[in-house]
Amino acid sequence: MKDTMPQTAPRDVSVGSLFEADMEGVQGVVHWKRAFVRHEYPLVLLMTDVLLIAAIFSIVVALRYDVEIAQAVSRRVLAVIEFASITGVAMIGGYSYFTDSSRFRFISEHIIVSIGVFVGVFFAIYSFVSYGYKMNSGRSVVAATLIVFPVISIAYRYCLAKIKLAYQKGNALCIIGAGWAAVDLYRRLKERRSTYEVIVVDPFGKDVGNNLVEGDSGSPLVEPIEEIAFNSSMHGRYVENYVVASPLSDLPEDLVKRLAVAQFSGNNVCSYEAYLREKLMIIPPSEVTMAWALEEGFLLNKNVTYDRVKRFGDIIFGLTGLIVFAPVFVIIGILVWATSKGPIIFKQERVGKREVPFTLYKFRSMKVRSEKGSMYTEKNDSRLTPVGKFLRKTRLDELPQFWNVLKGDLSLIGPRAEWTELVRGYEQKFPYYHFRHAVKPGITGWAQVNYSYGASDKDTVEKLNYDLYYVRKHSMVLDAIIIVKTIYIVLFGRGQ
């Protein structure tokens, strides 16, 4: 009887022959540095923090009480401090090899999240953990641990980052392909000031010898595919990632086999889309189709508890904001009224969840009728009033949106609510732009904390990359990360 079972691979390629086909090229491929980057580095940092917190806590207890440490240490209290502190560090990428912990932004976010952990731990311990339980560890012990740990954590991570950056300067990233995706990835890495040497190989040979970016002599020269090596360094540099920037279906079969063998053998091989999604934390619109919404991984309409908690948090946030900032409302209102003619509150129709329009409220930061000019807010925009520049820089112009949050038009966190006139044009220019309206818009969001206000169609596409990532990955953890980054922007005026 004739075999009608579908073949999953060519008949001459068995599992064994797949690895034998390029066995010579993978000898010694599992380099100790690659394994360390992928696994041991985060684990070492995690264990260091666990032991560091326990050591600080024990030392403070020993100095505070004249008894044996075993009797004075409260395991419940220590467990709460450990969990909260480690969670806070993880939120800001403190256990990722790719986080530059020497940057001012990381240090600032570490301080911000540490303040939040301090408040949260004290609330948890003295409201719940200590209820009906006699604790030996006093408030001074808890406070000292929560203050000393962030200081040491920031210091040793700063030193590690400097060592790591010096180490990474000798590493490379290999892009397989020389088309638009390779150019886009190269430009993104350049904009982020990546220290990797970018090596580009052309599997088809037509662009070999040319610069990757036409007219840019500083861009990498495209090399033949024969230069690629999975068993050793390239150009004398250790290759961190091999990024496939061409469709696999277009690549020669023998190259696809080598990529599969390299991946199974410990090399970090991924597609252009996967690299942007996992490393740069964006989803390019080029990856999005109607089928995208049907893929696995979406939490929309699946996590009812999360939606309820988020709405409850929005109500508390809206009420608290209106009450706490009431004096600020009065002061800003007077300043806006005294420095420029026109209404104090600016109203504009914006697009909300599922494309339902609503009226958004802000303190007016521009001169009256300035909406007849450019639709985009530009850096040093001449239409901004003197007070408006400060309000935009500090995001204080958005305080009236507490009312929108309380009403349910906005959430604290979500994609930026755009003007209806802009959205009409965007949906015609950019396919699947409407996907960002699958979730409720927010005062702050993933795009807002990672990218400035849009000043062009190019900026709009870049912001869409981040918005789609939020739609795909939105969760309580991502929301908490966005809150920390928003506080950083507000405190240090890094917004536009």
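Start by selecting helix α8, residues 253-264, in this predicted model. Helix α8 lies across β1, β4 and β5. Its direction runs at about 120° to β5.

Next, show the sheet itself. Five strands form an open sheet, ordered β3-β2-β1-β4-β5, with parallel pairing. Color the edges: β3 (222-224) and β5 (269-271) each pair on one side only. Neighbouring strands are turned by 30° against each other on average, direction ignored.

Zoom to β4, residues 238-244. Strand β4 runs parallel to β5, and 3 bridges join the two. Pick Val 243; Cys 270 in β5 stands opposite.

Move on to a helix pair. Select α16 (457-473) and α17 (476-492). Their axes are 9 Å apart, and the helices pack at an angle of about 140°. That angle makes α16 oblique to α17. Show side chains here: Tyr 469, Tyr 470 and Lys 473 of α16 meet Leu 478, Asp 479 and Ile 482 of α17. The contact has 4 nonpolar residues, 2 charged and no polar ones.

Last stop: helix α5, residues 104-129. Its 26 residues reach 35 Å from first C-alpha to last, close to the 38 Å expected at 1.5 Å a residue. Which residues of α5 are buried? Select Arg 105, Phe 106, Ser 108, Glu 109, His 110, Ile 112, Val 113, Ser 114, Val 117, Val 121, Ile 125 and Val 129.

Terms used. Residues are numbered from 1 along each chain as its sequence is written. This is a predicted model: local features need pLDDT of at least 70, side-chain atom pairs count only at pLDDT 80 or more; totals for chains, interfaces and linings use all residues. Side-chain values use heavy atoms; hydrogens and water are left out. Helices (H or I, at least four residues) and strands (E, at least two) are DSSP runs, numbered from the N terminus. The expected span of a helix is 1.5 Å times one less than its number of residues. Buried means under 20% relative accessible area, exposed over 50%, partly exposed in between (1.4 Å probe, protein chains only). Axes are lines fitted to C-alpha atoms, for helices over the stretch in contact, and angles run from 0 to 180 degrees between N-to-C directions. Angles under 35 degrees count as roughly parallel, over 145 as roughly antiparallel, 65 to 115 as roughly perpendicular and the rest as oblique. Contact means heavy atoms within 4.5 Å. Ala, Val, Leu, Ile, Met, Phe, Trp, Tyr, Cys and Pro count as nonpolar, Asp, Glu, Lys and Arg as charged, and the others, Gly among them, as polar. Two strands pair if DSSP finds at least two bridges between them.
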